[in-house]
Amino acid sequence: MKRTHTRPGTASAWILGLILGLASPLALATDVEALELFELDGDAMQDDGTPPPYDWETLAAGTPAGLVFTGIKSDSEDPQRIFSGGVKDIQDISSSGMTNKYWTWATGSVPDKSNIKDAYAASMIYYNEEDENDPNNGDRIIYFGADRFSNVGDTFMGFWFFKNKVEIPEGSTGDFSGVHENGDALILVNFPQANNAVPLIQVVTWDSTCGGKGEKVIQNNYTDGDCVANNLRLVTGEEGAGAICDVPPVSGGGNPNACAITNETTVDSPWPYTSKDGFVDEFPFETFFEGGINLTQLFPNSDGCFASFMAETRSSSSFTADLKDFVLADFPVCSTDIATEIHSNTADDTDHTNDYQTPSDGVPAGSGVHDLARLTFGAPDGVNVLGTVTFTTYANACSELLDENGDPVSELPESLDTYTVNVDFTTNGNDLEVESNGWANDNVNSGKSRDDTDFPGAGTFSYLVQFTSTTDGIPDSDYHCEQLTVNTLTPTMFTRIHSGLVTDADHNVDQNLDGNTVLVGTTIHDYARVSGVSNPALSGSVTFAFYKDDNCSADEGDPSAFDSDTVTLSVSGATGTAETKGVSTAGFITASNAHQWVSIKATYSGDSNYKTAVATCEVVKVVKRTPGIETHVILLDQARVSGDGYTTNPSGTVDFVIYNNGTCSGTGEPDILRTVTGVPLAAVDSELIARLTTTDEVVVKALGTTTNISYKATYNGDNNYSSVTHACEKVAVTLPAAP
């Protein structure tokens, strides 16, 4: 059962209020608690029904779209971090600021009544879809809250909303980072414990003109707008029931654009909480509080942007009181979010919707690409955003450019190029889109064409992008890296074998000897054509390898081709060509073989943008030449051997077989009278003659009859000429009869 614990002898409620700025509220503004965006009812639990209105319980479970929320920031450090002694609100945040003294922190403890357990803040935009004339349409509303460890004793609280980001640097032993900016807001809330005491809420803003050489500080009888301490100007002060969210301002006074409320009874806590007096997951009376303000109505001339939020406790109600405990959180009421997409404006992407970002299969080298940055500004409508978007390109992966925190590495590699686009954009609820080619969807750059800006080579390619703001209250974006895989192109390759020399006047470029037969001694060379695209252009070379086989493999026992030639591509447009030197086939064929295969393999080397390519193996059959043979039969036969006009004449020997008949037939005796082998060719009167000698004479002894003798001459061939046999040559011998 829930315990009910009510504080006796106090006013009906504690009051919190938050008013940021110097402008007076608009008369037609709707009370901030009546906007039905958030339950300002003195407890953190979501009422029955579907939100909105929201409550802290709902936000703690998950932040709805369009709402900025700090989260439930617990003051749970062990040891606890608190302000160092003597730290005051009139000092700057760090040594980078304007004051000689600045904030520091230490570890320790604070009085229980000053011990913050949790703090939280949220922001959202109000729209009344049923009434477009509602004066609150488009207003930014801020909600805030906190809970403390004990409700026994006076305590004094403050809430800072910083335009610049404030944080404790990693590894810090006592420093803060960040500086005050004029327009930072501080809300001071006093919790007196006496009977009938009235809480006091004072809203001040950081103003560096207060004190020093600026406006004079007024310590007594000050009014709204006065400088009440160095660097602090009073915006407004409010007390009594008029600031309580349950009491309409028209009934009890106060400001319709700011109110707060605390719990009068024990209420449930949606997050882990234990009070000093033992309440577990329940807030005893006046330990939980919440409130809300309408930033837009209070500050019609302000951008209403903040980056950080801090809840603090103080030693007294004085503007210069010492600070005690604190809870610090990011609060990007105005924020800059960036996302990027790599686009191409090729024919199939005329509206720039194709996103080539990783993970993807990438794009081929030569693709025209550019980067799109989509900027989302968390700011009210009508804020003029000035700055630049910088696109820097690298031939590196994103992991080589950003560290684990998303910041650029200490030593970035050398960039390929940098593109800078100026931004002059008025917030209107839409994103700003900017491309590296200079196009943007705002009214400054929209007339520019969306031409490609990059033609990346193969490999890993990245854009590193950041928006840098020159507008107060609009923060720089984080760095965003977009990575693209650029793939090497696959070329096509065509080859053809020619005869003759490359320089021959009658060189036939259409000739292709692949698969054909040539005579031994023919000079052959190969032509290769490699096809790609015009941009990026081809480069590299073609290597032609010659093999003595019919399949472009190494000779048996020989690890390499018998000859090779590497030729640099001659490139024109999308095509590169190369022709190898001429290779003569003279002497390719041994005397024992009738032919010899020759094969050629052409290989394109590839380059940074193109893959290697290997042409189909080309094969040519080299055959021996056919010589002519002529014989003159006398008693001693001779053979004349002639060439076919080739530069090299036949060489070698001729074999003669002499038959004992007129038909050059039969084997052995008595058909074969004599066999003479290896008769060498000799030059005789410019002819090549193989001649029998007198030792090869044939003696015919038959008388009174006709005896037929026949000769068969065979040329045995050499490296350039094949073997050939002459037709049978018949000789009729008639001897007279004996007397």
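This is a predicted model: local features need pLDDT of at least 70, side-chain atom pairs count only at pLDDT 80 or more; totals for chains, interfaces and linings use all residues.
Figure 1. Residues are numbered from 1 along each chain as its sequence is written, and side-chain values use heavy atoms, with hydrogens and water left out. The largest nonpolar core holds 58 residues, of which Val389, Phe391, Met493, Val542 and Tyr604 touch the most other members. A nonpolar core is a set of buried Ala, Val, Leu, Ile, Met, Phe, Trp, Tyr and Cys residues joined through side-chain atoms within 4.5 Å. Buried denotes under 20% relative accessible area, exposed over 50%, and partly exposed the range in between (1.4 Å probe, protein chains only). When neighbours within four places in sequence are left aside, the contacts of Val389 (heavy atoms within 4.5 Å) include Ala373, Leu375, Tyr419, Val421, Val434, Val465 and Phe467. Thr420 and Gln466 are also in contact with Val389. A second, separate core comprises 27 residues, among them Met157, Ile187, Val203 and Val327.

**Figure 2. Strand 18 and its pairing with strand 20.** Helices (H or I, at least four residues) and strands (E, at least two) are DSSP runs numbered from the N terminus. Strand 18 spans residues 336-343, and six of its eight residues are buried. Strand 18 runs antiparallel to strand 20 (residues 370-377), to which eight bridges join it; two strands pair if DSSP finds at least two bridges between them. Thr340 has Ala373 of strand 20 as its bridge partner. Ala373 is also among the residues in contact with Val389. In a regular strand the side chains alternate between the two faces of the sheet.

Figure 3. Two bridges pair strand 19 with strand 25 (residues 480-487) in the parallel sense. Within strand 25, Val486 is the bridge partner of Val363.

Figure 4. Rings of Phe, Tyr and Trp (its six-membered ring) pair if their centres lie within 6.5 Å; planes under 30 degrees apart count as stacked, over 60 as edge-to-face and the rest as tilted. By this rule, the count is 29 aromatic pairs. The ring centres of Trp56 and Tyr120 lie 5.0 Å apart and the planes meet at 55°, so the pair is tilted. Trp56 belongs to helix 1 (residues 56-61) and Tyr120 to strand 5 (residues 116-126), so the pair ties together parts that are 64 residues apart in sequence. Trp56 is buried at a relative accessible area of 0%, and Tyr120 is buried at 0% relative accessibility. The rings of Phe461 and Tyr463 form an edge-to-face pair, at 5.6 Å centre to centre and 85° between the planes. Phe461 is buried at 6% relative accessibility, and Tyr463 is buried at 0%. One aromatic cluster includes Trp56 and Tyr120, together with Phe38, Phe69, Tyr143, Trp271, Tyr273, Phe283 and Phe288.

**Figure 5. Charged side chains over aromatic rings.** A charge sits over a ring if NZ of Lys or CZ of Arg is within 6 Å of the ring centre and within 35 degrees of the ring normal. The charged end of Arg81 lies over the ring of Trp105, 5.1 Å from its centre. Lys548 sits over the face of Phe588, at 5.1 Å from the ring centre.

Figure 6. The Pro52 to Pro53 peptide bond is cis, with omega near 0°, and Pro53 lies in the segment before helix 1. A cis bond also links Asn535 to Pro536, with omega near 10°; Pro536 is located in the loop between strand 28 (523-531) and strand 29 (541-547). Glu36, a residue other than glycine, has a positive phi near 60°. Glu36 is placed in the segment before helix 1 and is exposed at 60% relative accessibility. Ser686 likewise has a positive phi, near 65°. Ser686 occupies the loop between strand 41 (682-684) and strand 42 (687-691) and is exposed, with a relative accessible area of 80%.
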